[in-house]
Amino acid sequence: MDLWHIRGGRRLDGVCCVQGSKNASLPILAASILSPSESELHNVPRLRDIDAALRILRHLGCEAEQRDNEVYINANGVTHSAIPHKLMLEMRSSVIFMGALLARCGEARLSPPGGCQLGKRPIDLHLSALRQLGAEIEESGGEILCRAKHLKGAEIQLPFPSVGATENLMLAATAAEGATVIRGAAREPEIAALGDYLKTMGCKISGAGTDTITVGEMSYVNHTEHSIIADRIVASTIACAAAAAGGDVELRDVEPAHFSTVLHFLKQAGCDIMCQNRSVRLRSDGNLRAVGEICTEPYPGFPTDAQPVLMAALLKARGRTLIRETIFENRFRQVPELLRLGADIELCGQCAEIRGVERLHGTVLNATDLRGGAAMLVAGLTAEGQTTVCDDGHIRRGYESFDARLRALGADICLD
Ligand code: EPZ
(Lines give C-alpha, C1' and ligand atoms only; values in the text may rest on other atoms or scores of the structure.)
Protein backbone atom coordinates (compact mmCIF):
# COMPACT_ATOMS: atom_id res chain seq x y z
CA MET A 1 0.00 0.00 0.00
CA ASP A 2 1.39 3.43 -0.97
CA LEU A 3 0.84 6.21 1.53
CA TRP A 4 1.09 9.72 0.09
CA HIS A 5 1.48 12.31 2.87
CA ILE A 6 0.91 15.95 1.90
CA ARG A 7 0.98 19.07 4.01
CA GLY A 8 -1.04 21.69 2.16
CA GLY A 9 -0.45 25.40 1.82
CA ARG A 10 2.79 25.53 -0.18
CA ARG A 11 3.07 27.36 -3.51
CA LEU A 12 4.45 25.47 -6.51
CA ASP A 13 7.28 27.21 -8.36
CA GLY A 14 9.80 26.14 -10.96
CA VAL A 15 10.26 24.08 -14.09
CA CYS A 16 8.75 20.62 -14.57
CA CYS A 17 9.67 18.33 -17.46
CA VAL A 18 6.57 16.29 -18.22
CA GLN A 19 6.91 12.49 -18.59
CA GLY A 20 6.10 10.54 -21.72
CA SER A 21 2.50 9.49 -22.23
CA LYS A 22 1.24 6.20 -20.75
CA ASN A 23 -1.71 6.03 -23.12
CA ALA A 24 0.53 6.62 -26.15
CA SER A 25 3.16 4.10 -24.99
CA LEU A 26 0.78 1.17 -24.36
CA PRO A 27 -0.68 0.73 -27.88
CA ILE A 28 2.79 1.30 -29.35
CA LEU A 29 4.17 -1.52 -27.16
CA ALA A 30 1.38 -3.78 -28.45
CA ALA A 31 2.12 -2.67 -32.04
CA SER A 32 5.77 -3.65 -31.67
CA ILE A 33 4.85 -7.32 -32.26
CA LEU A 34 3.28 -6.63 -35.66
CA SER A 35 6.45 -7.59 -37.48
CA PRO A 36 9.57 -9.62 -36.68
CA SER A 37 11.67 -6.56 -36.02
CA GLU A 38 13.37 -4.51 -33.30
CA SER A 39 11.95 -1.34 -31.78
CA GLU A 40 13.77 1.29 -29.78
CA LEU A 41 11.39 3.57 -27.92
CA HIS A 42 12.45 6.75 -26.17
CA ASN A 43 10.72 8.76 -23.45
CA VAL A 44 8.71 5.78 -22.16
CA PRO A 45 7.59 6.49 -18.58
CA ARG A 46 8.46 4.04 -15.79
CA LEU A 47 5.02 2.92 -14.64
CA ARG A 48 3.20 -0.16 -13.41
CA ASP A 49 1.13 -0.36 -16.63
CA ILE A 50 4.27 -0.24 -18.77
CA ASP A 51 5.79 -3.08 -16.69
CA ALA A 52 2.60 -5.06 -17.28
CA ALA A 53 2.83 -4.51 -21.05
CA LEU A 54 6.49 -5.58 -21.06
CA ARG A 55 5.55 -8.75 -19.15
CA ILE A 56 2.91 -9.53 -21.81
CA LEU A 57 5.51 -8.99 -24.56
CA ARG A 58 7.96 -11.36 -22.85
CA HIS A 59 5.21 -13.94 -22.36
CA LEU A 60 4.50 -13.80 -26.10
CA GLY A 61 8.15 -14.56 -26.83
CA CYS A 62 9.70 -11.11 -27.32
CA GLU A 63 12.78 -9.68 -25.72
CA ALA A 64 11.52 -6.57 -23.94
CA GLU A 65 13.53 -4.42 -21.57
CA GLN A 66 13.24 -0.98 -20.06
CA ARG A 67 16.24 1.03 -18.92
CA ASP A 68 15.28 4.39 -17.47
CA ASN A 69 13.01 5.83 -20.16
CA GLU A 70 14.30 3.71 -23.03
CA VAL A 71 12.59 0.52 -24.11
CA TYR A 72 14.08 -2.11 -26.40
CA ILE A 73 11.90 -4.78 -27.96
CA ASN A 74 12.93 -7.61 -30.24
CA ALA A 75 9.79 -9.18 -31.69
CA ASN A 76 11.51 -11.73 -33.92
CA GLY A 77 10.57 -14.68 -31.76
CA VAL A 78 6.84 -14.31 -31.09
CA THR A 79 5.82 -17.84 -30.15
CA HIS A 80 2.51 -17.45 -28.29
CA SER A 81 -0.83 -15.99 -29.26
CA ALA A 82 -2.52 -16.41 -25.87
CA ILE A 83 -2.32 -14.00 -22.94
CA PRO A 84 -2.97 -15.48 -19.47
CA HIS A 85 -5.91 -14.13 -17.49
CA LYS A 86 -3.62 -12.78 -14.74
CA LEU A 87 -1.71 -10.58 -17.20
CA MET A 88 -4.91 -9.43 -18.93
CA LEU A 89 -6.32 -8.23 -15.62
CA GLU A 90 -3.44 -5.87 -14.90
CA MET A 91 -4.64 -3.10 -17.20
CA ARG A 92 -7.21 -2.10 -19.79
CA SER A 93 -4.69 -1.79 -22.62
CA SER A 94 -4.00 -5.51 -22.62
CA VAL A 95 -7.00 -5.69 -24.97
CA ILE A 96 -5.02 -3.86 -27.68
CA PHE A 97 -2.87 -6.97 -28.03
CA MET A 98 -5.93 -8.59 -29.65
CA GLY A 99 -5.56 -6.62 -32.91
CA ALA A 100 -1.78 -6.95 -32.85
CA LEU A 101 -1.82 -10.75 -32.30
CA LEU A 102 -4.49 -11.24 -34.93
CA ALA A 103 -2.27 -9.40 -37.41
CA ARG A 104 0.93 -11.20 -36.45
CA CYS A 105 -0.29 -14.73 -35.64
CA GLY A 106 -3.76 -14.91 -37.23
CA GLU A 107 -5.07 -15.80 -33.76
CA ALA A 108 -5.48 -14.27 -30.31
CA ARG A 109 -6.70 -15.98 -27.16
CA LEU A 110 -7.36 -13.71 -24.21
CA SER A 111 -9.87 -12.70 -21.55
CA PRO A 112 -11.64 -9.39 -20.89
CA PRO A 113 -9.15 -6.73 -19.71
CA GLY A 114 -8.74 -5.10 -16.28
CA GLY A 115 -8.10 -1.39 -15.66
CA CYS A 116 -9.76 1.33 -13.59
CA GLN A 117 -13.33 0.58 -12.50
CA LEU A 118 -15.08 3.49 -14.20
CA GLY A 119 -18.36 1.69 -14.81
CA LYS A 120 -19.15 -0.79 -17.57
CA ARG A 121 -16.29 -0.91 -20.04
CA PRO A 122 -17.47 -3.27 -22.77
CA ILE A 123 -15.34 -4.21 -25.77
CA ASP A 124 -18.24 -4.73 -28.17
CA LEU A 125 -16.98 -2.04 -30.56
CA HIS A 126 -13.55 -3.71 -30.72
CA LEU A 127 -15.08 -7.10 -31.48
CA SER A 128 -17.56 -5.85 -34.05
CA ALA A 129 -14.85 -3.87 -35.88
CA LEU A 130 -12.48 -6.86 -35.98
CA ARG A 131 -15.31 -9.09 -37.26
CA GLN A 132 -15.84 -6.64 -40.12
CA LEU A 133 -12.20 -7.24 -41.10
CA GLY A 134 -12.95 -10.96 -41.31
CA ALA A 135 -12.03 -12.16 -37.81
CA GLU A 136 -14.04 -15.00 -36.29
CA ILE A 137 -14.57 -14.38 -32.60
CA GLU A 138 -15.97 -16.75 -30.00
CA GLU A 139 -16.61 -15.73 -26.42
CA SER A 140 -17.11 -18.50 -23.89
CA GLY A 141 -16.32 -19.14 -20.25
CA GLY A 142 -14.66 -15.74 -19.82
CA GLU A 143 -12.35 -16.40 -22.75
CA ILE A 144 -12.22 -14.63 -26.10
CA LEU A 145 -10.85 -16.55 -29.02
CA CYS A 146 -10.22 -14.59 -32.23
CA ARG A 147 -9.11 -16.23 -35.44
CA ALA A 148 -8.53 -14.88 -38.90
CA LYS A 149 -7.21 -17.03 -41.70
CA HIS A 150 -7.49 -14.07 -43.94
CA LEU A 151 -8.11 -10.45 -42.91
CA LYS A 152 -9.61 -8.35 -45.66
CA GLY A 153 -9.56 -4.54 -45.82
CA ALA A 154 -13.00 -2.94 -45.36
CA GLU A 155 -14.75 0.38 -44.80
CA ILE A 156 -15.70 0.41 -41.14
CA GLN A 157 -17.84 3.02 -39.43
CA LEU A 158 -17.34 3.20 -35.65
CA PRO A 159 -20.64 4.17 -33.95
CA PHE A 160 -18.61 5.95 -31.21
CA PRO A 161 -15.00 7.19 -31.46
CA SER A 162 -13.63 4.64 -28.97
CA VAL A 163 -9.90 5.09 -28.43
CA GLY A 164 -9.22 1.41 -27.81
CA ALA A 165 -11.41 0.15 -30.68
CA THR A 166 -9.70 2.57 -33.10
CA GLU A 167 -6.28 1.32 -31.94
CA ASN A 168 -7.21 -2.36 -32.19
CA LEU A 169 -8.61 -1.85 -35.66
CA MET A 170 -5.54 0.08 -36.85
CA LEU A 171 -3.28 -2.76 -35.69
CA ALA A 172 -5.33 -5.60 -37.15
CA ALA A 173 -5.78 -3.70 -40.44
CA THR A 174 -2.01 -3.66 -41.06
CA ALA A 175 -2.26 -7.36 -41.95
CA ALA A 176 -5.41 -7.11 -44.05
CA GLU A 177 -5.36 -7.55 -47.77
CA GLY A 178 -6.19 -4.17 -49.33
CA ALA A 179 -6.89 -0.89 -47.61
CA THR A 180 -9.09 -0.39 -44.53
CA VAL A 181 -10.90 2.88 -44.04
CA ILE A 182 -11.95 3.62 -40.45
CA ARG A 183 -14.66 6.27 -40.26
CA GLY A 184 -15.78 7.88 -37.01
CA ALA A 185 -12.31 7.14 -35.59
CA ALA A 186 -11.07 8.54 -32.28
CA ARG A 187 -8.93 11.65 -32.84
CA GLU A 188 -6.85 11.65 -29.63
CA PRO A 189 -3.16 12.65 -29.93
CA GLU A 190 -2.31 9.08 -28.82
CA ILE A 191 -3.97 7.78 -32.02
CA ALA A 192 -1.89 10.15 -34.14
CA ALA A 193 1.20 8.93 -32.25
CA LEU A 194 0.32 5.29 -32.97
CA GLY A 195 -0.08 6.22 -36.65
CA ASP A 196 3.41 7.79 -36.63
CA TYR A 197 4.91 4.65 -35.08
CA LEU A 198 3.15 2.40 -37.63
CA LYS A 199 4.59 4.56 -40.42
CA THR A 200 8.11 4.05 -39.09
CA MET A 201 7.34 0.30 -39.02
CA GLY A 202 6.68 0.43 -42.74
CA CYS A 203 2.88 0.72 -42.76
CA LYS A 204 1.08 2.86 -45.28
CA ILE A 205 -1.32 4.82 -43.09
CA SER A 206 -2.89 8.24 -43.35
CA GLY A 207 -5.39 10.32 -41.40
CA ALA A 208 -4.49 9.10 -37.86
CA GLY A 209 -5.61 11.92 -35.55
CA THR A 210 -8.60 12.74 -37.81
CA ASP A 211 -11.96 10.99 -37.95
CA THR A 212 -11.04 9.03 -41.08
CA ILE A 213 -8.00 6.77 -41.03
CA THR A 214 -6.81 4.74 -43.99
CA VAL A 215 -4.57 1.76 -43.24
CA GLY A 216 -2.72 -0.05 -46.00
CA GLU A 217 -0.43 -3.05 -45.86
CA MET A 218 2.97 -3.20 -44.17
CA SER A 219 6.26 -3.52 -45.94
CA TYR A 220 8.52 -4.81 -43.19
CA VAL A 221 11.54 -2.95 -41.84
CA ASN A 222 14.10 -4.46 -39.45
CA HIS A 223 14.50 -1.66 -37.00
CA THR A 224 12.19 1.08 -35.74
CA GLU A 225 12.95 4.05 -33.53
CA HIS A 226 10.28 6.26 -32.01
CA SER A 227 9.95 8.87 -29.28
CA ILE A 228 6.82 8.91 -27.11
CA ILE A 229 4.83 12.18 -26.91
CA ALA A 230 4.40 14.03 -23.61
CA ASP A 231 1.58 12.96 -21.33
CA ARG A 232 -1.19 15.56 -21.69
CA ILE A 233 -3.03 14.28 -18.61
CA VAL A 234 0.05 14.47 -16.38
CA ALA A 235 0.66 17.99 -17.77
CA SER A 236 -2.98 18.85 -16.98
CA THR A 237 -2.62 17.45 -13.44
CA ILE A 238 0.46 19.57 -12.66
CA ALA A 239 -1.21 22.63 -14.19
CA CYS A 240 -4.28 22.04 -11.99
CA ALA A 241 -2.06 21.56 -8.93
CA ALA A 242 -0.21 24.85 -9.54
CA ALA A 243 -3.47 26.67 -10.29
CA ALA A 244 -5.02 25.54 -7.01
CA ALA A 245 -1.96 25.83 -4.75
CA GLY A 246 -0.79 29.09 -6.34
CA GLY A 247 2.56 29.42 -8.00
CA ASP A 248 4.55 29.99 -11.14
CA VAL A 249 5.29 26.78 -13.01
CA GLU A 250 6.72 26.09 -16.43
CA LEU A 251 5.77 22.76 -17.99
CA ARG A 252 8.41 21.69 -20.49
CA ASP A 253 8.49 19.11 -23.30
CA VAL A 254 4.71 19.38 -23.78
CA GLU A 255 2.48 20.01 -26.78
CA PRO A 256 0.18 22.83 -25.51
CA ALA A 257 -2.48 22.08 -28.15
CA HIS A 258 -2.95 18.59 -26.66
CA PHE A 259 -4.41 19.98 -23.42
CA SER A 260 -5.70 23.36 -24.58
CA THR A 261 -9.24 22.67 -23.30
CA VAL A 262 -7.86 22.18 -19.76
CA LEU A 263 -5.76 25.35 -20.06
CA HIS A 264 -8.85 27.20 -21.32
CA PHE A 265 -10.74 26.48 -18.08
CA LEU A 266 -7.72 27.27 -15.90
CA LYS A 267 -7.47 30.64 -17.66
CA GLN A 268 -11.17 31.23 -17.05
CA ALA A 269 -10.58 30.39 -13.38
CA GLY A 270 -8.09 33.27 -13.19
CA CYS A 271 -4.68 31.79 -14.09
CA ASP A 272 -2.27 33.61 -16.30
CA ILE A 273 -1.14 31.18 -19.01
CA MET A 274 1.49 31.58 -21.69
CA CYS A 275 2.00 28.87 -24.30
CA GLN A 276 5.13 28.63 -26.38
CA ASN A 277 6.55 25.98 -28.59
CA ARG A 278 6.71 22.88 -26.32
CA SER A 279 6.22 24.77 -23.06
CA VAL A 280 3.43 26.24 -20.95
CA ARG A 281 3.94 28.76 -18.15
CA LEU A 282 1.13 29.02 -15.63
CA ARG A 283 0.92 31.67 -12.92
CA SER A 284 -1.75 31.65 -10.25
CA ASP A 285 -2.32 33.44 -6.95
CA GLY A 286 -4.35 30.43 -5.81
CA ASN A 287 -7.59 32.45 -5.59
CA LEU A 288 -9.59 30.83 -8.37
CA ARG A 289 -13.12 31.52 -9.54
CA ALA A 290 -15.67 28.96 -10.72
CA VAL A 291 -15.83 28.36 -14.47
CA GLY A 292 -19.51 27.73 -15.27
CA GLU A 293 -20.02 24.44 -17.08
CA ILE A 294 -17.55 21.76 -18.17
CA CYS A 295 -18.58 18.78 -20.25
CA THR A 296 -16.27 15.84 -20.96
CA GLU A 297 -16.13 14.76 -24.60
CA PRO A 298 -13.99 12.74 -26.98
CA TYR A 299 -10.92 14.66 -28.20
CA PRO A 300 -10.69 17.52 -29.13
CA GLY A 301 -13.28 18.11 -26.37
CA PHE A 302 -12.47 18.31 -22.67
CA PRO A 303 -10.84 14.99 -21.60
CA THR A 304 -12.57 12.75 -19.07
CA ASP A 305 -9.13 11.87 -17.67
CA ALA A 306 -8.59 15.51 -16.61
CA GLN A 307 -12.06 15.86 -15.06
CA PRO A 308 -11.17 14.65 -11.52
CA VAL A 309 -8.03 16.81 -11.28
CA LEU A 310 -9.76 19.96 -12.54
CA MET A 311 -12.59 19.27 -10.10
CA ALA A 312 -10.01 19.08 -7.28
CA ALA A 313 -8.47 22.39 -8.39
CA LEU A 314 -11.88 24.12 -8.24
CA LEU A 315 -12.95 23.00 -4.75
CA LYS A 316 -12.12 26.42 -3.29
CA ALA A 317 -12.98 28.46 -6.41
CA ARG A 318 -15.52 31.23 -5.75
CA GLY A 319 -18.94 30.34 -7.17
CA ARG A 320 -20.40 27.21 -8.73
CA THR A 321 -19.02 24.94 -11.43
CA LEU A 322 -21.09 22.24 -13.07
CA ILE A 323 -19.26 19.21 -14.49
CA ARG A 324 -21.09 16.87 -16.85
CA GLU A 325 -19.36 13.52 -17.41
CA THR A 326 -20.37 11.93 -20.72
CA ILE A 327 -17.66 9.32 -21.35
CA PHE A 328 -17.68 6.95 -18.35
CA GLU A 329 -20.72 6.13 -16.23
CA ASN A 330 -18.77 5.99 -12.96
CA ARG A 331 -16.12 8.67 -13.09
CA PHE A 332 -17.04 10.65 -9.99
CA ARG A 333 -15.57 8.07 -7.60
CA GLN A 334 -13.28 10.73 -6.13
CA VAL A 335 -16.24 12.79 -4.92
CA PRO A 336 -17.06 11.01 -1.60
CA GLU A 337 -13.38 11.26 -0.67
CA LEU A 338 -13.13 14.95 -1.59
CA LEU A 339 -16.23 15.61 0.56
CA ARG A 340 -14.27 14.27 3.53
CA LEU A 341 -11.81 17.16 3.08
CA GLY A 342 -14.71 19.59 3.51
CA ALA A 343 -15.56 20.11 -0.18
CA ASP A 344 -19.12 21.01 -1.17
CA ILE A 345 -20.08 18.87 -4.19
CA GLU A 346 -23.55 17.73 -5.15
CA LEU A 347 -23.85 14.71 -7.38
CA CYS A 348 -26.86 14.24 -9.60
CA GLY A 349 -26.49 11.38 -12.09
CA GLN A 350 -23.76 12.26 -14.54
CA CYS A 351 -23.44 15.83 -13.21
CA ALA A 352 -21.48 17.22 -10.28
CA GLU A 353 -22.00 20.72 -8.95
CA ILE A 354 -19.00 22.14 -7.11
CA ARG A 355 -19.64 25.05 -4.77
CA GLY A 356 -16.40 26.70 -3.74
CA VAL A 357 -15.57 26.53 -0.01
CA GLU A 358 -13.24 28.77 2.02
CA ARG A 359 -11.18 25.95 3.50
CA LEU A 360 -10.34 22.29 3.12
CA HIS A 361 -9.08 20.25 6.08
CA GLY A 362 -6.53 17.47 5.64
CA THR A 363 -7.62 13.93 6.51
CA VAL A 364 -7.02 10.31 5.43
CA LEU A 365 -8.41 9.44 1.98
CA ASN A 366 -8.54 6.29 -0.14
CA ALA A 367 -7.49 6.49 -3.78
CA THR A 368 -10.33 5.03 -5.82
CA ASP A 369 -8.70 4.94 -9.25
CA LEU A 370 -5.78 6.47 -11.13
CA ARG A 371 -7.09 9.98 -11.90
CA GLY A 372 -9.29 10.04 -8.80
CA GLY A 373 -6.17 9.37 -6.72
CA ALA A 374 -4.30 12.17 -8.50
CA ALA A 375 -7.25 14.48 -7.76
CA MET A 376 -6.88 13.71 -4.05
CA LEU A 377 -3.21 14.74 -4.20
CA VAL A 378 -4.16 18.02 -5.91
CA ALA A 379 -6.81 18.70 -3.27
CA GLY A 380 -4.35 17.82 -0.49
CA LEU A 381 -1.99 20.55 -1.71
CA THR A 382 -4.67 23.14 -0.92
CA ALA A 383 -5.97 21.65 2.35
CA GLU A 384 -4.95 22.81 5.82
CA GLY A 385 -2.87 20.33 7.80
CA GLN A 386 -1.94 16.84 6.62
CA THR A 387 -3.72 14.78 4.00
CA THR A 388 -2.78 11.13 3.60
CA VAL A 389 -3.87 9.32 0.45
CA CYS A 390 -3.85 5.53 0.89
CA ASP A 391 -3.38 3.98 -2.50
CA ASP A 392 -3.30 0.43 -3.73
CA GLY A 393 -0.93 1.47 -6.52
CA HIS A 394 -3.44 3.27 -8.78
CA ILE A 395 -1.48 6.54 -8.94
CA ARG A 396 1.78 4.83 -9.86
CA ARG A 397 0.00 3.17 -12.80
CA GLY A 398 0.06 6.54 -14.54
CA TYR A 399 2.34 9.04 -12.78
CA GLU A 400 6.12 8.58 -12.80
CA SER A 401 8.03 9.81 -9.71
CA PHE A 402 5.12 12.12 -8.99
CA ASP A 403 6.13 12.80 -5.40
CA ALA A 404 9.63 13.85 -6.51
CA ARG A 405 8.28 16.06 -9.30
CA LEU A 406 5.90 17.87 -6.94
CA ARG A 407 8.60 18.14 -4.24
CA ALA A 408 10.96 19.72 -6.77
CA LEU A 409 8.31 22.42 -7.30
CA GLY A 410 8.13 23.09 -3.55
CA ALA A 411 5.28 20.83 -2.42
CA ASP A 412 5.54 19.20 1.00
CA ILE A 413 4.77 15.63 -0.08
CA CYS A 414 6.32 12.25 0.63
CA LEU A 415 5.52 8.71 -0.42
CA ASP A 416 5.89 5.80 2.04
C1 EPZ B 1 -8.79 5.23 -23.29
O2 EPZ B 1 -9.58 4.18 -22.72
C3 EPZ B 1 -7.82 5.63 -22.20
N4 EPZ B 1 -7.02 4.48 -21.85
C5 EPZ B 1 -8.57 6.14 -20.99
O6 EPZ B 1 -7.62 6.59 -20.03
C7 EPZ B 1 -9.44 7.32 -21.41
O8 EPZ B 1 -10.22 7.72 -20.30
C9 EPZ B 1 -10.37 6.89 -22.55
O10 EPZ B 1 -9.58 6.36 -23.66
C11 EPZ B 1 -11.22 8.04 -23.10
O12 EPZ B 1 -10.40 9.09 -23.51
C13 EPZ B 1 -5.95 4.17 -22.57
O14 EPZ B 1 -5.63 4.79 -23.58
C15 EPZ B 1 -5.13 3.04 -22.09
P16 EPZ B 1 -12.81 4.28 -25.03
P17 EPZ B 1 -10.52 3.29 -23.64
O18 EPZ B 1 -12.82 2.97 -25.72
O19 EPZ B 1 -9.82 2.98 -24.91
C20 EPZ B 1 -17.34 2.92 -24.26
C21 EPZ B 1 -6.63 6.74 -17.90
O22 EPZ B 1 -7.02 7.24 -16.81
N23 EPZ B 1 -17.02 1.76 -25.08
O24 EPZ B 1 -12.69 5.52 -25.85
O25 EPZ B 1 -11.00 2.17 -22.80
C26 EPZ B 1 -16.63 2.82 -22.88
O27 EPZ B 1 -17.34 1.99 -22.00
C28 EPZ B 1 -7.58 5.91 -18.75
O29 EPZ B 1 -5.47 6.86 -18.33
C30 EPZ B 1 -18.01 0.87 -25.41
O31 EPZ B 1 -19.18 1.04 -25.06
O32 EPZ B 1 -11.70 4.31 -23.90
C33 EPZ B 1 -16.58 4.25 -22.46
O34 EPZ B 1 -17.79 4.61 -21.89
C35 EPZ B 1 -8.86 5.62 -18.08
N36 EPZ B 1 -17.68 -0.23 -26.16
C37 EPZ B 1 -16.39 5.00 -23.79
O38 EPZ B 1 -16.82 4.10 -24.81
C39 EPZ B 1 -16.40 -0.45 -26.57
O40 EPZ B 1 -16.17 -1.47 -27.25
C41 EPZ B 1 -14.97 5.46 -24.06
O42 EPZ B 1 -14.12 4.34 -24.13
C43 EPZ B 1 -15.41 0.46 -26.23
C44 EPZ B 1 -15.73 1.57 -25.47
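This is a predicted model: local features need pLDDT of at least 70, side-chain atom pairs count only at pLDDT 80 or more; totals for chains, interfaces and linings use all residues.
A polar contact here is a pair of N or O atoms within 3.5 Å; within protein, one must be able to donate a hydrogen and the other to accept it, and residues adjacent in sequence count only if both atoms are side-chain atoms.

View 1. Residues are numbered from 1 along each chain as its sequence is written, and side-chain values use heavy atoms, with hydrogens and water left out. Ser162 puts a polar side-chain atom 2.7 Å from a ligand oxygen. Arg371 also has a polar side-chain atom 2.7 Å from an oxygen of the ligand. With Pro122, a polar backbone atom is 3.3 Å from a ligand oxygen.

**View 2. The shell around the ligand.** Count the residues with a heavy atom within 4 Å of the ligand, and you get 24 around it, with Asp124, Ser162, Asp305, Ile327 and Arg371 the closest. The shell splits into nine nonpolar, six polar and nine charged residues (Ala, Val, Leu, Ile, Met, Phe, Trp, Tyr, Cys and Pro are nonpolar; Asp, Glu, Lys and Arg are charged; the others, Gly among them, are polar).

**View 3. A ligand between two domains.** Domain 1 (2-19 + 230-415) and domain 2 (22-227) both supply shell residues, so the ligand lies between them. The domain bounds come from an automatic or database domain assignment.

**View 4. A cis peptide bond.** Tyr299 and Pro300 are joined by a cis peptide bond, with omega about 15°. Look for Pro300 in the loop between strand S17 (292-295) and helix H10 (307-313); helices (H or I, at least four residues) and strands (E, at least two) are DSSP runs, numbered from the N terminus.

**View 5. A positive phi.** Asp253 isn't a glycine, yet its phi is positive, about 65°. Asp253 sits in the loop between strand S14 (247-252) and helix H9 (260-268). Most residues other than glycine have a negative phi.
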